[in-house]
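Morning, everyone. Please have the sequence and the structure open while I talk. I'll start with some side chains and then move to the sheets.

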Amino acid sequence: MSDAVTRVSVEIEGKEISFESGKLAKQASGAVVVQMGDTMVLCTATAGNLREVDFLPLTVDVEERMYAAGKIPGSFFKREGRAGEKATLTARLIDRPIRPLFPKGWRRETQLVALPMSVDHLHPYDILAMNGASAALMVSDIPFPAPVGAVRVGKIDGNFVVNPDEEALLEGADLDLIVAGTEEAILMVEAGANEIPEAEILDALDIAHENIKKLCAAQRELAEKAGKPKVAVDIPVVHEDLYQQIKGSHGSALDTATQIEDKLERQAATTAVEEQILEHYSGPVDSDTYAEYRSNALRAFEKLEKALIRERIAVQKKRPDGRTADQIRPISIEVDVAPRTHGSALFTRGQTQAFSVVALGTTREEMRLDTLGLETTKRYFHHYNFPPFSVGEAGFMRGPKRRDIGHGALAERALVPMIPAQEDFPYTIRVVSDILESNGSSSMASVCGSTLSLMDAGVPIKAPVAGIAMGLIKEADDYIILTDIAGVEDHLGDMDFKVAGTKDGITALQMDIKITGVTFEIMRDALAQAKVAREFILGEMNKVIETPRAELSKYAPGISSVQIDPEKIGLLIGKGGETIRALQEEFESQIDVNDEGMVLVYAADRERGDALVDRIRSMTKEVEIGDEFTGKVVKTTTFGAFVELAKGTDGLLHISNVAPGQRIATVEEVLNKGDEVEVKVVEVDRERGRIGLRLASDPEIQGKNPEELQAIAAAESTRSRPDRGPRDRDRDRGPRNGDRDRGPRNGDRDRGRVRDRDPERPRS
C-alpha cells in the first residue's frame with residue numbers, strides 16, 4: 001500500500017477546489033478528500049462481495065458529523081442518528097448521475113460514503129460530496145468509465161453566480177440550480193427557482209456545463225496520477241440468434257400485450273408472455289444449463305419489450321396508453337375532501353392520484369433543523385408518502401424511504417416561493433401528500449394537490465403552482481418528447497424531466513438523463529412543451545378553485561397579532577413567565593412574542609383570541625387621557641381607591657368621584673378591594689407617575705374630549721374639597737383657648753393620619 005499523497009486542484013470562478021488522495025482511508029477501494037475554503041469532505045468508494053442479482057447493488061451514504069461545524073448533536077443521546085433530510089437529499093444527488101454510468105454486469109456490492117469533516121458555512125458540502133464520490137470511483141479499481149462533475153449556479157441580484165456562498169442562497173437567491181454531468185453531456189439537474197423563465201434556465205445550464213468540464217479534467221488528472229488498475233467486468237450480451245427466435249415466436253403476442261391501455265392489465269398480459277418465453281427457452285428445470293438459459297432468455301425478452309415500445313412511440317407516434325406525444329391524461333380535481341382538516345384536495349391524472357392535506361399550526365410548531373447548514377428552522381414543509389397499495393402491491397410500511405423524501409422535497413421546493421411571509425400569515429404550514437394510486441408522475445401530482453389544498457385552507461399563496469413530467473425517446477438523430485409520462489415510459493425512456501411552476505415561470509426542476517446525446521436543443525423543446533402543459537393544468541385547477549378561500553377553516557387555530565413596545569415585553573411575560581402563563585390559561589390560548597415586540601395569539605376559540613388581544617393592548621399601551629378601562633380595585637384608602645388598569649399600572653379614583661352626586665364618608669361604602677369598575681382616564685402626570693380616574697358613567701365627563709377632560713381634572717385639583725370649608729383667614733375655627741373642646745387626649749382619640757396634622761404644632 002503506497003504512502004504517496006497526490007493532490008490536484010482546479011479553479012472555478014475564482015475559487016479553488018482541491019482533490020487529495022493517498023492520505024486518508026487507504027483501505028477503501030478509493031478515497032479522496034475534496035476541499036473548498038475550509039469545507040472538507042472525505043469521499044470513499046468500496047467494492048465488496050459479488051452478488052447474484054439482476055440489478056446494480058450500489059449504496060450511497062452521506063454521514064453528517066456535527067463536529068464539522070463545531071456543534072454537538074441536539075438529541076437526548078448527543079450523538080448522530082439516522083441520516084437527516086439534507087444528508088438523504090445529498091446522497092440522492094450523488095446517486096442519480098452516477099448510477100446510469102456503471103457498466104452493465106457489475107454485480108459487486110458497491111458503497112459510496114461522503115463524510116463532511118469541516119464545514120465553514122460559506123461553501124456547502126453537497127457539491128464537494130458529489131465531485132468527491134466521482135473522484136473516489138476514478139482512483140479506485142471499480143470499473144467506472146468517466147468522471148462526473150457537479151456545480152451549483154445561483155441567480156443573485158440578477159446575476160448568475162457559480163458555487164455561491166451558503167448565506168447568499170439563504171438570503172433570497174432567485175435560482176438555486178445543481179447540475180451534474182460528464183465532459184460530454186449533462187446527466188442530472190435539481191433546481192428551485194422564483195418564477196424563472198425557461199430561457200434563463202438554459203443559460204444557467206450552459207454556464208454549469210462549462211465548469212463541469214473543468215472538474216472532470218481535474219478528476220482525470222488525479223486518476224492518472226493515483227488511480228488503480230480497473231477490474232475487468234463481463235458485460236452480459238443478448239445472443240442475436242436467441243433474440244430473433246423469441247421475436248419470431250412471441251413477438252406478436254408481446255406487441256399486443258404492451259398495447260393494452262390499462263396499467264395493471266398491461267402488466268399482467270406482459271408478465272404472462274414473459275413466463276411463456278422463459279418456460280419455452282430455459283430448458284428442463286433440473287438441467288445444469290437451466291440458470292444460464294433462463295438468464296439469456298430473460299435478457300432477450302427485456303430487449304424485445306424495450307425495442308417494441310420505443311419503436312412504437314418514436315416511429316409510429318403511439319404511446320402505450322394510446323395518447324399523442326403532447327396529450328395529458330384526463331384530470332379530475334376535488335377540494336374540501338376531508339371536512340375536519342384545515343384544507344384538502346384530491347388530484348387525479350389518469351391512473352395517478354394524490355390526496356394532499358394542509359395542517360396549520362403555531363410558530364412554535366415550526367420544524368427545527370439540527371444539521372450542518374445555516375438554516376435552523378422551517379415554517380413550511382411538505383411530506384410525501386408512497387404506500388405499496390398505490391401500485392397494487394403489498395409491502396412493509398416502515399417510515400419514508402429515500403425516494404419519498406426526495407419527492408417531498410421537490411414538491412416543497414416548488415411551492416416555497418409562493419408561500420406568504422410570516423408577517424402576512426403567521427402560521428406554520430405542513431402539507432402531506434399521500435399517493436393513493438400511481439402510474440408515473442406522482443411527484444408532480446403532489447405539487448398540484450399541494451397547491452389546491454393550500455388554497456382550500458385559505459393560505460394566501462402568491463400564485464397557483466402546477467407540475468408536469470416530461471419524457472424522451474431518442475433513436476439515432478430522431479427524438480420525440482413526451483408530455484405527462486406514465487410509468488412504463490419513464491422506465492424505458494431516455495429522460496425524466498419534471499417541471500413545476502406558475503404561469504409566469506419555473507419554481508422547481510428535476511431532470512435525470514440516461515443517455516449522453518441530450519442536446520440543449522432537446523432541453524429547450526422539452527421546456528417549451530412543458531410550459532404549454534403546465535398552463536393547461538393550471539387552467540383545469542382554476543375551474544375548481546380560482547383563489548385561496550377568504551377565511552380559514554373553523555377548525556384551524558385563529559391567529560391574531562399585535563405590536564407592542566419592545567420595552568413592554570417583560571411586562572407581558574412577567575416574573576418567571578407568571579403573567580404570560582396566567583393569560584394563556586385564562587383565555588385558553590397560546591402567546592408567542594419575538595424580540596421586536598410582535599405578539600402572536602393563537603386560539604381555537606376566535607372570540608377568546610380577540611379578547612386576549614384586547615387585554616394585551618390594554619396591558620402594554622401607554623395610558624392616555626380619554627382611555628377607558630375595566631379595572632380591578634386593588635386598594636382603598638381614606639382619600640380614594642386605586643384601580644389596576646394593567647399589570648403594574650394603577651390609577652386613583654378620588655373619594656369625591658367614587659359616587660358622583662353623593663357625599664360618602666368612606667370609599668368602602670361603594671367600593672371594596674377586588675371589585676371591578678369601569679373608569680376613564682382624566683389626568684396623566686408622567687413626571688410624578690400619577691394617573692387620575694373618573695367613573696366612566698360619571699355624567700360630568702360624558703362626551704368630553706381629552707382636552708376637556710384635562711381641564712376638568714385641573715379644575716378639580718385646584719378646587720377646595722367640599723368637606724373642608726373655606727381656607728381663608730376669616731374662617732371661624734372656634735375658640736383657641738383651653739375652653740375649646742378638643743376631645744379625649746388618650747390613645748382612643750382619633751387624631752387622623754399623621755401627614756394631615758400641623759407639622760408646626762408642638763407635641764406633648
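F425 is buried, because its relative accessible area is 6% and the cut-off for buried is under 20%. Keep in mind that this is a predicted model. Y427 is buried too, with a relative accessible area of 4%.

How are the rings of F425 and Y427 placed against each other? Their centres are 4.7 Å apart, and their planes meet at 35 degrees. That makes the pair tilted, since stacked needs planes under 30 degrees apart and edge-to-face needs over 60. Searching the whole structure gives five aromatic pairs.

Next, charges over rings. R403 places its charged end over the ring of F386, 4.2 Å from the centre. R398 lies over the face of F396, and here the distance to the ring centre is 3.9 Å.

Now a sheet. Five strands form an open sheet with mixed pairing, and the order is β11-β12-β13-β17-β16. Which strands stand at the edges? They are β11, residues 331-335, and β16, residues 380-385. Each has a single partner strand, so one side of each has no neighbour in the sheet. On average, neighbouring strands here are turned by 15 degrees against each other, direction ignored.

Look at β16 and its pairing with β17, residues 428-437. The two run in the parallel sense, over six bridges. Within that pairing, Y380 stands opposite I429 of β17.

Helices pack here as well. Helix α9, residues 442-457, lies across β11, β12, β13, β16 and β17. Its direction is at about 145 degrees to β12. Helix α11, residues 520-544, also packs on the sheet, where it touches β11 and β12. The angle between α11 and β11 is about 40 degrees.

How many bridges join β22 and β24? Six, in the antiparallel sense, with β24 covering residues 598-603. V562 has V599 of β24 as its bridge partner.

Last, the helix on this sheet.

Note on methods: Residues numbered from 1 in each chain as written. Predicted model: local features only at pLDDT ≥ 70, side-chain atom pairs only at ≥ 80, totals over all residues. Heavy atoms only, no water. Pairing = 2+ DSSP bridges. Helix = DSSP H or I, 4+ residues; strand = E, 2+ residues; numbered from the N terminus. Axes fitted to C-alpha atoms, helices over the stretch in contact; angles between N-to-C directions. Contact = heavy atoms within 4.5 Å. Phe/Tyr/Trp six-rings, centres within 6.5 Å; stacked < 30°, edge-to-face > 60°. Buried < 20%, exposed > 50% of the residue type's maximum accessible area, 1.4 Å probe, protein only. Lys NZ or Arg CZ within 6 Å of the ring centre and 35° of its normal.
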